[in-house]
Amino acid sequence: MELQLNSADVDVLVAGGGGFIGGHLVADLLAQGKTVRAVDVKPVEEWYQVHPDAQNSIGDLSKLDQAETATKGAREVYMLAADMGGMGFIENNKALCMLTVLTSTHMLEAARKYDVERYFYSSSACVYAADKQTNTDITALKESDAYPAMPEDGYGWEKLFTERMCRHFHEDFGLETRVARYHNVYGPEGTWTGGREKAPAAVCRKIAEAVISGDHHLDIWGDGEQTRSFMYVDDCVKGSQMILGSDHLDPINLGSAELVSINQLYSIVEEIAGIKCTRSYQLDAPQGVRGRNSDNTEIQRVFGWEPSIALSDGMAQTYEWVFDQVKRSHG
């Protein structure tokens, strides 16, 4: 696969622009009147969103020459590209997740070579130490809780390593890097089936299937008491741009502090759908850490920022979209 671009410079490169968050980010940047280059390894027909006003290109950014081609002429870079998915994918594909380090490294090298003005890296709450996430009534994770390092095996280690690379590219080469730790981003126009979907989309799909089939029985991974916080994609897009444009150099949480159990998440979507289901619990299924929540003290202190979209509102919008996809798939 060889990356083909037109020669026009752009305001922004979105690496991973064919992905879930990338598609929403490209839309928002275009709406602001910015020129945008979207690059993704997937065939365009597999992109979650395709925006005709962007420079849309297929390229394997794990290859240094293609990372350089993609980056040349871009003033700012959002590095969202990663081989990842929900907990089922992450726990069963640790090597694939860690191989993203090639993309992470080559994109930083390309940004340095072409004097990119600002570089944003999307890290993850999976960098946080596992021994701080063993209870469902988790103390919210503050930025310093990433050390001493004990991140999610595979995916989390790659993210934490790349955070350090961003720091040292700034210190040693003067590259203006900014890092946000995403906490469970969800919303429409994302993965909802196939094994890479995350909990909110999986919950919406299962309940949509229950509505359509009339079989109101659900299989739930784990005991359903594991806890998480979830951030709607619009808040993620706005927060990412806010962080990139700032002078804040250290990794910072970007997420919601609204903690819920997986059982509560199912109940929220049941209420949206207007049904009540019986539940079976698959205790041997992947479920990740016992509890994880975002401590938003630092982002409130630095930016005065809080997510604007409550979980119930965001899940209503997500369920409506997922329901349409499930209905279409059933013919």
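**Entry 1: backbone angles**

I began with Asp115, which is found in the loop between helix H4 (94-113) and S5. I took helices (H or I, at least four residues) and strands (E, at least two) as DSSP runs, numbered from the N terminus. The model is a predicted one, in which local features need pLDDT of at least 70 and side-chain atom pairs count only at pLDDT 80 or more, while totals for chains, interfaces and linings use all residues. Residues are numbered from 1 along each chain as its sequence is written, and side-chain values use heavy atoms, with hydrogens and water left out.

Asp115 has a positive phi of about 55° although it is not a glycine. Most residues other than glycine have a negative phi, and most peptide bonds are trans. With a relative accessible area of 63%, Asp115 is exposed; buried means under 20% relative accessible area, exposed over 50%, and partly exposed in between (1.4 Å probe, protein chains only).

I then noted Asn184, in the loop between S6 and strand S7 (185-186). Asn184 is not a glycine either, and its phi is positive, near 50°.

Which residues does a cis peptide bond join? Tyr147 and Pro148 are joined in this way, with omega about -5°. Pro148 lies in the loop between S5 and H5.

**Entry 2: Thr139**

Thr139 is also found in the loop between S5 and H5. Its relative accessibility is 63%, so I recorded Thr139 as exposed. The C-alpha atoms of Thr139 and Asp295 are separated by 8.3 Å, and the two residues are 156 residues apart along the chain.

**Entry 3: strand S4 and its partners**

I next looked up strand S4 (residues 74-79), where five of the six residues are buried. Two strands pair if DSSP finds at least two bridges between them. Strand S1 (residues 10-15) pairs with S4 in the parallel sense over five bridges. S4 also pairs with strand S5 (residues 118-124), in the parallel sense over four bridges.

Which residues are partnered with Met79? Ala15 stands opposite Met79 in S4, and in S5 the bridge partner of Met79 is Tyr121. In a regular strand the side chains alternate between the two faces of the sheet.

**Entry 4: aromatic rings**

How many aromatic pairs does a search of the whole structure find? I noted five. Rings of Phe, Tyr and Trp (its six-membered ring) pair if their centres lie within 6.5 Å; planes under 30 degrees apart count as stacked, over 60 as edge-to-face and the rest as tilted.

One of the pairs is Phe120 and Tyr182, with ring centres 6.2 Å apart and planes at 35°, so the pair is tilted. This pair links distant parts of the chain, since Phe120 is in strand S5 and Tyr182 is in strand S6 (residues 177-182), 62 residues apart. Both Phe120 and Tyr182 are buried.

I then recorded Phe169 and Phe173, whose ring centres are 5.1 Å apart with planes at 75°, so this pair is edge-to-face. Why are Phe169 and Phe173 separated by about one helical turn? They are four residues apart in helix H5 (residues 155-173). Phe169 counts as buried because its relative accessibility is 9%, whereas Phe173 counts as partly exposed because its value is 43%.

The charged end of Arg112 sits over the ring of Phe173, 3.9 Å from its centre. The test for this is that NZ of Lys or CZ of Arg is within 6 Å of the ring centre and within 35 degrees of the ring normal.

Tyr78, Phe120 and Tyr182 form one aromatic cluster.

**Entry 5: two buried residues**

His51 lies in the loop between strand S2 (36-40) and strand S3 (55-58). His51 counts as buried because its relative accessibility is 15%. Not counting residues up to four places away in sequence, His51 touches Gly23, Val26, Ala27, Leu30 and Asn56; contact means heavy atoms within 4.5 Å.

I placed Ser261 in strand S12 (residues 259-261). Is Ser261 buried or exposed? At 7% relative accessibility, Ser261 counts as buried. With residues up to four places away in sequence left out, Ser261 touches Gly224, Glu225, Gln226 and Thr227.
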